[in-house]
Structures are given as C-alpha cells and as structure tokens.
Amino acid sequence: MSTDEHYMARALQLAERGLFTTDPNPRVGCVIVRNDTIVGEGWHQRAGEGHAEVNALQAAGTNAKDADAYVTLEPCSHFGRTPPCADSLISSGVKRVFIAMTDPNPLVAGNGIKRLEQAGIEVTVGVLEQQAKDLNPGFCQRMQSGRPYVRSKMAMSVDGRTAMASGESKWITGPAARQDVQKMRARSSAILTGMGTVIADDPALTVRPDGDWYPKGQNIRQPLRVVVGSQHIPPTAKLFELEETVVLATNKQLDSDVKEQLLHLAENNEQIDLNALMTELANREINEVMVEAGSILNGALLAAGLIDEIIIYMAPKLMGDSAKGLFHLPALQTMAQNIDLTITDIRAVGKDWRITATPEYTKVK
C-alpha cells in the first residue's frame, strides 16, 4: 500500500463512522497530513451538520497550511445546508488534495475539483476509488440512475425454506444473525415489505441496537417504512408504535388513514408499479432500501430487475418439502431461464452463515 493509499484508507475508516447517521447525505471522511503526520481528522456525522473537510480542517487549525488533504468524496462546490467545502480547503491554504472519487451529484460532478485547481491546488483523483464507491452504493446509484440501491434480506434453512407451510417463521436464525440484521436496518434509508408480511408477522421494522455498535450520543435514525399492498394496515399494527409516517404503496384508490401516506402506483394491468415506487423513493432522497418481505414481493422485485444485492442468512436447519421458498418466480420453467448469482461474500454469523450475492439480470430483463 502506497503512502497516499494509507492515508486514504484512514479517511475511509472515518467515513464509515457515519454509516448509520448521515442519510440522505453520503458517508465522507477526511484526513489532513503535514510533514508525514496526521494533524487533523474529520467525518460527516449527520445531515445538516459539518462536512468531513470542515471538521478535519477545524481539528488541524493553522497546521492545515501547506498540508495535504485526503478526502473520500470530491469536496462540494455548491451551497446546500452548509457552505462549499472546496472553498474551505482553499482558504485553509492546503497544498494538495487527494480525492477517492468524483461526486456523482450533478450539482458537483467535477466542479469541486475545478475550483480547487483554479486556486492553484494540486489535485489527484482515484485513490482507493472502488472502496469509496462501495461505502455509498445508494447515494451513487440515486444520483446516477434515479433509483435507490435495493438490498433484499432473507433467512432460510439449509434446504432453502423461509417459513413453514402455516406461515410460521420465528425464529429461523439465531440471535447473532438477528442483531446483524439490525445493523443492516440502521444503514438503510427505507425498509420495504408486503402487506402479507405485515398481516402474518406484525413486524415493527425498527432499528433496535443491542450492543455498542450504534454511535454513542446519536439519536437512532429510524428508516422510512414502506408497505406494498391493497389494504389498510391494521391500526393495531406494530408499525404504528413510532410516530414516523408509514407509506402504503397500493394499486387501489383507498381512503387515507392518518397514520398512512398513500401512493397510488398502478400499471396498465393493475399491478403495483414497482419501478414507479423506486422513482418515488429516490425523489424522497432514499439511498438504500432494505427489503424484508416474502417470496411474492421478492420475486416481483427480482423479475423487474430491481434487486441489486441479495443477503441470505442460512440456518443449520431442515424445514421440509411443504415449507415456503425464497422467491416466487413462476415464469422460470427451464434451466436456461435460471437467474445466475455472483456470490461476493460468505461468512459465519453466530451459528448461521451470511451469503451476499448480486443477481445477473441478462435473462430477466
């Protein structure tokens, strides 16, 4: 690892501290280095608060003059909730700026780099670029494609079953896997489920940290809960234990309940338009969507090419032939129609195994 990669790796570590709190902003870290010594560090902690560069420059003080700055995302060049970070770097007197990746936000998109260079600052782009992109998959995709990054989480037995024929599914996995799911919820902008899951399991779909992994001193940011279906959610549902709005995406005209926000999203065949739902969520600055649903909604999302990542917790259990499977995909009839997956990670989580994969959609679309 080169010296520049070493300092950028530290900036990425800092950026990851904002994994659960920066939404809808990206996770960004910054390190200020002078004479081969780190003189200032910072990361973006919460939307509306100081950006990583500003926090690092404040920590560095006058030591920032003639120093090098390592930042995981191109410094912003526009006024948002805070002033442009490019201007802060310029006024601090830094000599060089190393950037992991350009900002996919059209409001920035190279303008921050241009502003730094026009001020006479030497700029290097692309140091640990892929690692920086991997830290913000939802923000990058929303800016580039106009839809959020969709991550589907499922739990199954070794024989690929998610629930008994009766619908019973608690608990397939152990405590360690369930706490791992809490971390996934905490990083998500929204949780998407189906009406069938709400009726069968009555989930709260909230972040409930157990342990010290959630940042101390930060209020828990609860993701938006989104339910796909054609009925009202029962007023006694656990979804309503929080004051936050629950969004119901439906294909029917329903009278609105005070606890629901209705989205009428019907296609010509009167099915719910899942593509329109993703566009709506992106318009609401939703970066990452976590799907916690049954086989029908998961199958529909997969068939529509809308799932970017599949995370399966596999428990050392056998549930039998009559139990339910992962995806409802009746259109797949031959081996040639199989949907291939690229497995990107397999690891033990307690007594269970977590499998992370990405679908290859050439046979679906």
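**Close-up 1. The predicted model holds 1 cavity of 30 Å³ or more.** A cavity is a set of points, on a 1 Å grid over the protein atoms alone, where a 1.4 Å probe fits but cannot get out. The largest cavity has a volume of about 50 Å³, a volume being the space filled by probe spheres set on the points. Its lining residues (an atom within 4 Å of a point) include Asp-23, Arg-27, Phe-139, Arg-187 and Glu-288. The lining comprises 2 nonpolar, 4 polar and 4 charged residues. Residues are numbered from 1 along each chain, and the model is predicted, with local features needing pLDDT of at least 70, side-chain atom pairs counting only at pLDDT 80 or more, and totals for linings using all residues. Side-chain values use heavy atoms, without hydrogens or water.

Close-up 2. A pocket is an open set with protein on both sides within 12 Å along at least five of seven lines. Of its 32 lining residues, Asp-134, Leu-135, Arg-151, Arg-187 and Glu-309 are the closest to the centre. The lining divides into 12 nonpolar, 8 polar and 12 charged residues.

**Close-up 3. Helices H3 (residues 85–92) and H4 (residues 111–118) cross at roughly 20°, their axes coming within 9 Å.** Helices are DSSP runs (H or I) of at least four residues, and axes are lines fitted to C-alpha atoms over the stretch in contact, with angles running from 0 to 180 degrees between N-to-C directions. H3 and H4 are therefore roughly parallel to each other, a term for angles under 35 degrees. Ala-86, Asp-87, Leu-89 and Ile-90 of H3 make the contact with Gly-112, Arg-115 and Leu-116 of H4, where contact means heavy atoms within 4.5 Å.

Key. Helices (H or I, at least four residues) and strands (E, at least two) are DSSP runs, numbered from the N terminus. Angles under 35 degrees count as roughly parallel, over 145 as roughly antiparallel, 65 to 115 as roughly perpendicular and the rest as oblique. Ala, Val, Leu, Ile, Met, Phe, Trp, Tyr, Cys and Pro count as nonpolar, Asp, Glu, Lys and Arg as charged, and the others, Gly among them, as polar.
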